[in-house]
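Please look at the sequence and the structure before reading on.

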Amino acid sequence: MEISRSVETRHVADPWPGYFAGRGHPEARRIGAGVEGVVYGLGAGRVAKVWTGRPPTELTRRVYADIAAHGLPFATPEILDVQEHQGTVVTYERELPGLPMRGDSAHEEYERELPVRHKNTLLAVLRGLASVPGTDAMRRLTVQGDDRPLWQGHDRFQDALAALVARAAARHGAALAARVPGFDAGVERTLNALRSLPDAPVTAIHGDLVPPNIHVDATGRPVAVLDFGFYTTAGDPAFEAAVTAAVCDMYGPHAQEHTAELTRLFAQELGYSPAALTTYQAAYALTTYDLFGLDDSDGHFRWCAGQLRRNPVFGPA
């Protein structure tokens, strides 16, 4: 579970291990926290997720099943049961194998030279997810922070994403405009660039492939991808690659170098247009900037503002 976007965590008594112990899971322990909830290991190959964000729906289960049915070379989540306790949704899921590829860049400083094994892991995951066809259930998902299914009213991912950018910029754009020169013109350039992108295959999109969400074995081979839901949809696999290049190292001292390096690598190895990748990176910043805070006290807000100030599609030619 990815935890980098949290600004502050208060240490209070956690009632959930006792709750799970009372339901036949005496080994229950907290093992991770992310955007949408907290995960507890239950033993016997099972975990429970306590949802603090948007709870899963039957549609979520269908998306998980659609992805798992494709026979990927790594495991993906499977919801076994859904319960509710005092208004909080709890899902019981199979425990996924492996260990995180590495810690989050907010808590672990990445070296200047990205290890080859990590780059190969990212490429393997991107290739795998790009082989899963986008389904109707994926198209019906709503991404974090929005109020409607991403594809609603659209036949192309690029047009659906442009509409999302327009809605997100209208939400709290003034806060971002105060830190990003030429904001309104940059939004318009990004919208035009998105709408001008050619049609592309529509595949499964995870949308948050930060290193802690990729589990590997002792050799570095990816064995599981977890924590779908933050930006999960169906779309252009180049969007997945663009976002992954940007979020792999968000906060380290070499973050900008790593983003540029991975963007070049994914363009070369996966055959994606560099212009499409930078357009999608601008769109990602414009659609997630306000999800955790609206000023410089929030790390993700600062990161999005910095991304836009440097992005060649968003900025003036």
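## Terms and basis

Helices (H or I, at least four residues) and strands (E, at least two) are DSSP runs, numbered from the N terminus. Two strands pair if DSSP finds at least two bridges between them.

The model is predicted: local features need pLDDT of at least 70 and side-chain atom pairs count only at pLDDT 80 or more, while totals for chains, interfaces and linings use all residues. Residues are numbered from 1 along each chain as its sequence is written, and side-chain values use heavy atoms, with hydrogens and water left out.

## The five-stranded sheet

Five strands form an open sheet in the order β1-β2-β3-β5-β4, and their pairing is antiparallel. At the edges are β1 and β4 (79-85), each of which pairs on one side only. On average, neighbouring strands of this sheet are turned by 25° against each other, direction ignored; the axes behind such angles are lines fitted to C-alpha atoms, for helices over the stretch in contact, and angles run from 0 to 180 degrees between N-to-C directions.

β5 runs antiparallel to β3, and five bridges join the two. Arginine 46 has arginine 94 in β5 as its bridge partner. β4 and β5 are also antiparallel and are joined by six bridges. Isoleucine 79 stands opposite glutamate 93 in β5. The hairpin of β4 and β5 has two residues between the strands, and glutamine 86 takes a positive phi near 50° there.

## The second largest pocket

A pocket is defined on a 1 Å grid over the protein atoms alone, as an open set of points where a 1.4 Å probe fits, with protein on both sides within 12 Å along at least five of seven lines; lining residues have an atom within 4 Å of a point. Grid points are joined across faces, edges and corners, and a volume is the space filled by probe spheres set on the points. The second largest pocket holds about 470 Å³ of space. Its lining has 23 residues, of which Ile31, Val39, Val47, His215 and Leu226 are the closest to the centre.

At least two lining residues come from each of β1 (29-33), β3 (46-51), β5 (88-94) and β6 (99-100). The largest share, three residues, is supplied by β1. By class, 13 lining residues are nonpolar, three polar and seven charged. Here Ala, Val, Leu, Ile, Met, Phe, Trp, Tyr, Cys and Pro count as nonpolar, Asp, Glu, Lys and Arg as charged, and the others, Gly among them, as polar.

## Residues with positive phi

Most residues other than glycine have a negative phi. Alanine 44, in the loop between β2 (37-43) and β3, has a positive phi near 55°. Aspartate 227, in the loop between β9 (222-225) and β10 (233-235), has a positive phi near 65°.

Buried means under 20% relative accessible area, exposed over 50%, and partly exposed in between (1.4 Å probe, protein chains only). Alanine 44 is exposed because its relative accessible area is 79%, whereas aspartate 227 is buried, at 8%.

## Two further positions

Threonine 288 lies in helix α9 (residues 274-288). Its relative accessibility is 0%, so threonine 288 counts as buried. Contact means heavy atoms within 4.5 Å. Leaving aside neighbours within four places in sequence, threonine 288 is in contact with Phe230, Tyr231, His300 and Cys304.

Alanine 178 sits in the loop between α5 (157-177) and α6 (183-196) and counts as exposed, at 61% relative accessibility. Alanine 178 and aspartate 295 are 117 residues apart in sequence, and their C-alpha atoms are 9.7 Å apart in space.
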